[in-house]
Amino acid sequence: WALGSMPSAGGPFGLFSQQPKMATKGNGMIPNAHFHKDWQRYVQTHFDQPGKKKSRRVHREQKQAAVAPRPAAGAIRPVVRCPTFKYNTKLRFGRGFTLSELKAAKVSKKIAASIGISVDHRRRNLSADTHDGNVQRLKEYTSKLVRLPKNGKVADLKVPQLLGDVLPIKAAKKGEKARAITEAEKKANVYASMRRARASARLVGVRQKKKEEKDAAEAAPAKKEKGGDE
């Protein structure tokens, strides 16, 4: 070839026809997106929502008719407080009544399940208020309880069925009326009072020990000191 007949470097068939691409910024992963997924298989539709709504309602009615005239919600459950400091001000239904609560309400643990009372033998009562409240709840339930005859026909008994919760939770809202701030409240330092109370609770053992040592030292007879050389 003559010098003038060589292909140009920048032509379509040149040696450097493919220009190098600029590198990505940083030391990240090389982009390699996959867009050939079979996404049609994962599309979900809910065209059966009206039909499912009806089937759920029919199923609820069938369950209510099966347990009638017993309460549709099931057995009565205790009222307990949620765990942890964040939620212990809220009330909710527990799993079952404790054996102590059943005993205080004079309900046998063997008969409790047969009259619609849930029992939880693992739960323990750590609060007197919760224990007394559940005992009162059991007494109210037994006073309103209608026992059906064992061999009687349910159709002949005119007992309305309870559809809601058995003795629902009624949270008492304690509201305080607006009033003027007293002079004692203005002068009081709540933060300092709380810190002193926390310190007193933390140091109760140390202070008790020091007091006992001081009392023992005062009660012991003073030792006579020996004199000098005769």
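Good morning. I begin with helix 5, where T130, H131, N134, V135, R137, L138 and Y141 are buried. These residues cover an arc of only 160° around the axis, which puts them on the same side of helix 5. The model I am describing is a predicted one.

What does the opposite face of helix 5, turned away from its buried side, carry? There we find the exposed residues A128, D129, Q136, S143 and K144. On the buried side, the cover includes strand 1, strand 2 (91-93) and helix 3 (99-104).

The length of helix 5 can also be checked. With 17 residues at 1.5 Å a residue, helix 5 should span 24 Å, and its end C-alpha atoms are 25 Å apart, which agrees.

By class, the lining of the second largest pocket divides into eight nonpolar, five polar and six charged residues.

Let me now turn to the chain as a whole. Its secondary structure comprises eight helices and two strands, and the order from the N terminus is α-β-α-β-α-α-α-α-α-α. Of the 230 residues in the chain, 14% are buried. Among contacts between residues at least 6 apart in sequence, 57% join residues at least 24 apart.

Finally, some points of backbone geometry. P69 is placed in the loop between helix 1 (49-67) and strand 1.

Two residues other than glycine have a positive phi: K106, with a value near 60°, and L167, at about 50°. K106 belongs to the loop between helix 3 and helix 4 (109-112), whereas L167 belongs to the loop between helix 5 and helix 6 (183-187). Is each of these residues buried or exposed? K106 is exposed, its relative accessible area being 80%. L167, by contrast, has a relative accessibility of 17% and therefore counts as buried.

Thank you for your attention.

Conventions
Residues are numbered from 1 along each chain as its sequence is written. This is a predicted model: local features need pLDDT of at least 70, side-chain atom pairs count only at pLDDT 80 or more; totals for chains, interfaces and linings use all residues. Side-chain values use heavy atoms; hydrogens and water are left out. Ala, Val, Leu, Ile, Met, Phe, Trp, Tyr, Cys and Pro count as nonpolar, Asp, Glu, Lys and Arg as charged, and the others, Gly among them, as polar. Helices (H or I, at least four residues) and strands (E, at least two) are DSSP runs, numbered from the N terminus. The expected span of a helix is 1.5 Å times one less than its number of residues. Buried means under 20% relative accessible area, exposed over 50%, partly exposed in between (1.4 Å probe, protein chains only). The arc is that of the directions from the helix axis to the C-beta atoms. Contact means heavy atoms within 4.5 Å.
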